[in-house]
Amino acid sequence: MCAGMTNRVLSVWFPHLAAEQVLRRGTTHDPARPFAVVGTRKSALRLCSLNRAAEAQGLTLGMALTDARAILPGLKSETERPERQASFLDALGRWSERYTPRVALDRGDGLMLDVTGCAHLFGHEKGLLDDLTARLSAMRLTPRLGLADTKGAAWALARFS
């Protein structure tokens with residue numbers, strides 16, 4: 001990094017990662033209809049990931065599958081496969097090296113990119129963000145982005161702004 005250059009960190013959060021990964025596989029599920037990925041939590045099957053259609057119907061993460069089906073009797077679901085999600089996120093990390101060679105996995109549902117000194121390759125920071133968003137949207141993923149001078153601020157912006 002050049003002297004005087006401000007650090008720029010980009011947090012890329014995928015709030016629907018597991019559900020969108022299943023839907024991207026070309027399963028028989030219609031992406032426009034409510035869909036959930038479920039896993040065992042606290043001795044019950046609970047919603048671990050939802051698509052936007054399921055959220056729009058009032059379902060929430062952590063809800064018991066039985067409660068979700070009481071609200072939406074036709075809810076389609078699949079059992080979570082954490083190893084597939086981890087592998088998919090790892091592949092997204094390698095793919096995102098098109099923006100910077102400094103990419104790290106962030107928990108199980110996000111990426112951290114150090115884009116310090118890289119934005120000029122896309123015209124400016126907005127160009128980089130627009131390109132990343134367009135490419136991920138074309139992959140049928142819903143990213144939430146946060147760009148800041150520190151990892152913590154970028155992480156918070158992606159999740160809460």
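1. The buried residues of helix H4 (residues 82–95) pack against helix H1 (17–24), strands E5 and E6, and helix H5 (125–138). Buried denotes under 20% relative accessible area, exposed over 50%, and partly exposed the range in between, with a 1.4 Å probe and protein chains only. Contact denotes heavy atoms within 4.5 Å. Helices (H or I, at least four residues) and strands (E, at least two) are DSSP runs numbered from the N terminus.

2. This is a predicted model, in which local features need pLDDT of at least 70 and side-chain atom pairs count only at pLDDT 80 or more, while totals for chains, interfaces and linings use all residues. Residues are numbered from 1 along each chain as its sequence is written, and side-chain values use heavy atoms, with hydrogens and water left out.

3. The buried set of H4 consists of Gln-85, Phe-88, Leu-89, Leu-92 and Gly-93. These residues lie on the same side of H4 because they cover an arc of only 145 degrees around the axis; the arc is that of the directions from the helix axis to the C-beta atoms. H4 has 14 residues and reaches 20 Å from its first C-alpha to its last, close to the 20 Å expected at 1.5 Å a residue. The expected span is 1.5 Å times one less than the number of residues.

4. H1 and H4 pack with their axes 10 Å apart and at an angle of about 85 degrees. H1 is therefore roughly perpendicular to H4. Angles of 65 to 115 degrees count as roughly perpendicular, those under 35 as roughly parallel, those over 145 as roughly antiparallel, and the rest as oblique. From H1, the contact is made by Leu-17, Ala-18, Gln-21 and Arg-24; from H4, by Arg-84, Gln-85, Phe-88, Leu-89 and Leu-92. Axes are lines fitted to C-alpha atoms, for helices over the stretch in contact, and angles run from 0 to 180 degrees between N-to-C directions.

5. In H5, the buried residues are Gly-127, Leu-128, Leu-132 and Leu-136. They fall within an arc of 155 degrees seen down the axis, so they line one face of the helix. The face turned away from this buried side carries the exposed residues Lys-126 and Ala-138. The cover over the buried residues of H5 includes E1, H4 and strand E7 (144–148). Just after H5, Arg-140 takes a positive phi of about 65 degrees.

6. Strand E6 (residues 110–114) is mostly covered, with four of its five residues buried. Strand E1 (residues 9–13) runs antiparallel to E6 and is joined to it by five bridges, with Trp-13 opposite Gly-110. Strand E5 (residues 103–106) is also antiparallel to E6, through four bridges; here Leu-105 has Leu-111 as its bridge partner. Two strands pair if DSSP finds at least two bridges between them. The hairpin of E5 and E6 has three residues between the strands, and Arg-107 takes a positive phi near 60 degrees there.

7. A three-stranded open sheet has the order E3-E2-E4, with mixed pairing. Its edge strands, E3 (44–50) and E4 (76–79), each pair on one side only. The twist averages 40 degrees from one strand to the next. Strand E2 (residues 35–41) pairs with E4 in the parallel sense over four bridges, and Phe-35 stands opposite Lys-76 in E4. H1 lies across E2, E3 and E4, running at about 125 degrees to E2.
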